[in-house]
Amino acid sequence: MDSPAAPRSRRTAFLLSQLGALASSRFAERTREIGLTPSDAGVLRLIGRTPGLSQRALADRFGAVPSRVVSLVDSLQARGLVERERSSTDRRTYELRLTAEGAQVMRQLREIAEAHEAELLAPLTGEQSAQLGSLLARLAAANALDLDLHRETGHEDHAR
């Protein structure tokens, strides 16, 4: 029996999981409309934020095997969104940068992300939305999650 002082579980972890799955699914639908997977979007976002990032550093950041990242970058390069350039400091590595077209796609992704978030948070007031964001960031940090990307990228099916 629960003691009066102990709060009853509201299945918060389950609800977070359900909302996370819903948010991921809807984001995937939106990125698919512009010919990208969520993995593509994550790679583009990270390269856009850190131009000159090496493929190895990208793989480490995503927690993915390097061969997985190489295939993602190959695909983005073939579509003209990313370019590889030999490092001037280490000729064994390639530095990654967005092309002009890649930067344009990033602008589209930003608009998609803003619309996605607005739709998902529409039932909340601005104050509630800010509070939720703060609480989720605190939980993510306490669980050593990277606030900028999904660590599951290396496991996603990339079939086209």
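User: How many strands form the open sheet, and in what order do they stand?

Analyst: Three strands form an open sheet in the order E1-E3-E2, with antiparallel pairing. Strands E1 and E2 stand at the edges with a single partner strand each, so one side of each has no neighbour in the sheet. As to terms, strands (E, at least two residues) and helices (H or I, at least four) are DSSP runs numbered from the N terminus, and two strands pair if DSSP finds at least two bridges between them. The model is a predicted one, in which local features need pLDDT of at least 70 and side-chain atom pairs count only at pLDDT 80 or more, while totals for chains, interfaces and linings use all residues. Residues are numbered from 1 along each chain as its sequence is written, and side-chain values use heavy atoms, with hydrogens and water left out.

User: Over how many bridges do E2 and E3 pair, and which residues are bridge partners of Arg-84 and Arg-86?

Analyst: In a regular strand the side chains alternate between the two faces of the sheet. Here E2 and E3 pair in the antiparallel sense over five bridges. The bridge partner of Arg-86 in E3 is Tyr-94, and that of Arg-84 is Leu-96. On the E1 side, strand E1 (residues 53-54) pairs with E3 over two bridges, again in the antiparallel sense. There, Ser-54 stands opposite Glu-95 in E3.

User: What pattern does the chain follow along the sequence?

Analyst: The chain holds six helices and three strands. Read along the sequence, their pattern is α-α-β-α-α-β-β-α-α.

User: How is the span of helix H2 to be read?

Analyst: The expected span of a helix is 1.5 Å times one less than its number of residues. Helix H2 (residues 38-49) has twelve residues and should therefore span 16 Å; its end C-alpha atoms are 16 Å apart, which agrees.

User: Which residues of H2 are buried?

Analyst: A residue is buried under 20% relative accessible area, exposed over 50%, and partly exposed in between (1.4 Å probe, protein chains only). In H2, the buried residues include Ser-39, Asp-40, Ala-41, Gly-42, Val-43, Leu-44, Leu-46 and Ile-47. Of the 160 residues of the chain, 29% count as buried.

User: How many salt bridges does the count come to, and which residue meets Glu-119?

Analyst: Side chains of opposite charge can pair when their charged atoms come close. The rule for a salt bridge is a side-chain nitrogen of Lys or Arg within 4 Å of a carboxyl oxygen of Asp or Glu, and by this rule the count comes to seven. In one of them, the side chains of Glu-119 and Arg-30 meet at 2.6 Å, N to O. This pair links distant parts of the chain, with Glu-119 in helix H5 (residues 100-121) and Arg-30 in helix H1 (residues 12-32), 89 residues apart. Glu-119 counts as partly exposed because its relative accessibility is 39%, whereas Arg-30, at 18%, counts as buried.

User: With which residues does Arg-97 form salt bridges?

Analyst: Arg-97 meets Glu-85 in a salt bridge at 3.9 Å, N to O. That pair joins strand E3 (residues 94-98), which holds Arg-97, to strand E2 (residues 82-86), which holds Glu-85; the two residues are twelve apart. Arg-97 also forms a salt bridge with Glu-95, where the closest N and O atoms are 3.3 Å apart. Arg-97 is partly exposed, because its relative accessible area is 26%, and Glu-85 is partly exposed at 38%. Glu-95, at 17% relative accessibility, counts as buried. Elsewhere, salt bridges that share partners join Arg-26, Arg-30 and Glu-119 into one network.

User: Which residues make the nonpolar surface patch?

Analyst: Patches consist of residues with over 30% relative accessible area and no salt bridge; like charges are joined within 9 Å, and nonpolar side chains (Val, Leu, Ile, Met, Phe, Trp, Tyr) within 5 Å. Accessible areas come from the Shrake-Rupley method with a 1.4 Å probe, and for residues only the protein chains shown count as cover. Leu-16, Leu-124, Leu-132, Leu-136 and Leu-139 make a nonpolar patch of about 370 Å². Helix H6 (residues 126-142) gives the largest share, three residues. Leu-139 lies in helix H6 and is partly exposed, with a relative accessible area of 45%.
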